[in-house]
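Good morning, and thank you for coming.

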Amino acid sequence: MATPVDQGALLLKRQLIDLQKKPVEGFSAGLIDDDDIYRWEVLIMGPQDTPYEDGFFKAHLTFPKEYPQKPPLLKFVSEIWHPNIDENGEVCISILHEPGEDKYGYERPEERWLPIHTQTLTSNLLLMWMLQKTLETTNLNSQKELPGV
Amino acid sequence: MGNCLKSPTNDDISLLRGNEGHSEPPDSSGLGPPPPYQETVPVYHPTPNVSRPANQLTEEEQIKIAQRLGLINHLPTGIFDGSKKVRECVICMGEFAIGDSVRFLPCMHTYHKDCIDDWLMRSFTCPSCLEPVDAALLTTYETNSSSN
């Protein structure tokens with residue numbers, strides 16, 4: 001029986017190969033260091049008809065050893081303005097939050113990380129989420145800049 | 001949705017860890033006392049972003065985890081024999097091999113036992129249909145008792 005560590009690395013390898021075989025439009029991924037399967041560099045093309053159109057955004061995905069039981073950490077390397085991304089590029093998005101019961105009752109379990117978010121699904125969700133204009137709690141400064149908020 | 005506000009009371013386990021952070025480096029001369037005997041204790045995840053060895057859990061967390069373990073043990077298990085339609089465990093994306101231990105959730109979704117048990121200790125929902133497992137367990141009991 002594979003140990004959890006092996007399982008994560010194996011799954012990531014499979015997902016990277018899948019992504020290279022069946023690329024997701026507007027999204028590409030590769031390893032930062034060829035010897036480290038747990039650290040990916042992803043490139044997101046800004047979806048059409050959004051403020052991000054024509055933009056290329058580079059981000060790093062860091063997977064925990066417990067992947068897929070725990071979510072990866074997503075950090076934008078490129079400068080990007082988004083209500084859910086803080087000035088360091090760190091992303092606050094519920095699908096990348098650790099599973100379990102939110103003690104504040106703010107997020108339902110299904111809004112948080114699930115171990116079946118495959119890479120393809122995650123990248124699709126990320127693209128969709130870039131289109132959302134909902135303001136959330138991470139970047140309070142960017143909220144202040146908006147009139148009427 | 002997202003809530004990344006840091007809570008000052010959140011997950012502060014530094015006190016539980018004692019003075020681990022300040023401990024003296026091990027005496028390389030070999031004259032110091034031997035290091036304390038340490039068993040490998042299982043690590044649990046009482047709340048999101050918190051992982052703690054079993055011996056550092058609060059009483060409340062211990063009860064919650066014991067209840068969860070009990071409920072998980074109530075879920076049926078089996079050995080994959082190739083007779084079912086499902087071929088793949090969606091958690092590890094690996095194909096079921098004959099002889100693999102599998103667990104069946106009340107919603108009829110099937111996973112490798114190791115894959116789903118680890119997940120259920122973190123979140124008691126089916127990753128495929130998001131059905132809360134405890135609610136589904138109750139429904140199963142009710143259906144069984146009414147049909148008898």
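Let me begin with a definition: helices (H or I, at least four residues) and strands (E, at least two) are DSSP runs, numbered from the N terminus. A second one goes with it: two strands pair if DSSP finds at least two bridges between them.

Now a word on the source. This is a predicted model, in which local features need pLDDT of at least 70 and side-chain atom pairs count only at pLDDT 80 or more, while totals for chains, interfaces and linings use all residues. Residues are numbered from 1 along each chain as its sequence is written, and chains are lettered from A and ligands numbered from 1 in the order in which they are written.

I start with chain B. Its secondary structure comes to 3 helices and 7 strands. Read from the N terminus, the order of the elements is β-β-α-β-β-β-β-β-α-α.

Which strands of chain B form an open sheet of 3 strands? The order is β3-β6-β7, and the pairing is antiparallel. At the edges stand β3 and β7 of chain B, each of which pairs on one side only. From one strand to the next, the twist averages 35 degrees; for such angles, axes are lines fitted to C-alpha atoms, for helices over the stretch in contact, and the angles run from 0 to 180 degrees between N-to-C directions.

Let us walk through this sheet. Strand β3(B), residues 77-79, pairs with β6(B), residues 101-104, in the antiparallel sense over 3 bridges. Within this pair, B:G78 has B:V102 as its bridge partner, and B:T77 stands opposite B:R103. On to the next pair: β6(B) is joined by 3 bridges to β7(B), residues 110-112, and the two run antiparallel. Here B:R103 stands opposite B:Y111.

β6(B) and β7(B) form a hairpin with 5 residues between them. In the turn we find B:M108, with a positive phi of about 80 degrees; this is a residue other than glycine. Is B:M108 buried or exposed? B:M108 is exposed, because 11 other C-beta atoms lie within 10 Å. The cut-offs are as follows: a residue is buried if 20 or more other C-beta atoms lie within 10 Å of its own, exposed if 12 or fewer, and partly exposed in between, with C-beta atoms placed from the backbone.

α2(B) lies across β3, β6 and β7 of chain B and runs at about 100 degrees to β7(B). Further along, in the loop between α2 (113-122) and α3 (133-147) of chain B, is B:L130. Its phi is near 65 degrees, again a positive value in a residue other than glycine. With 14 other C-beta atoms within 10 Å, B:L130 is partly exposed.

For chain B as a whole, buried residues make up 21% of the 148 residues. Of the contacts with a separation of 6 or more, 37% are between residues 24 or more positions apart; two residues are in contact if their C-beta atoms, placed from the backbone, lie within 7 Å.

I turn to chain A. Here 4 strands form an open sheet in the order β1-β2-β3-β4, with antiparallel pairing. β1 (27-31) and β4 of chain A each have a single partner strand, so one side of each is left without a neighbour in the sheet. The twist averages 25 degrees from one strand to the next. β3(A), residues 56-62, pairs with β4(A) over 4 bridges, and A:H60 has A:K75 as its bridge partner there.

In the loop between β1 and β2 (39-45) lies A:D36, which is exposed, with 12 other C-beta atoms within 10 Å. A:D36 and A:A9 are 27 residues apart in sequence and 9.2 Å apart in space, C-alpha to C-alpha. The loop between β3 and β4 holds A:P68, and the peptide bond from A:Y67 to A:P68 is cis, with omega near 5 degrees.

Where is A:C92 placed? A:C92 is in the loop between β4 (73-76) and α2 (119-131) of chain A. A:C92 is buried because 21 other C-beta atoms lie within 10 Å. The unreviewed UniProt entry annotates A:C92 as "active site"; UniProt positions are given in the numbering used here, feature names are shortened, and annotations may be inferred rather than shown by experiment.
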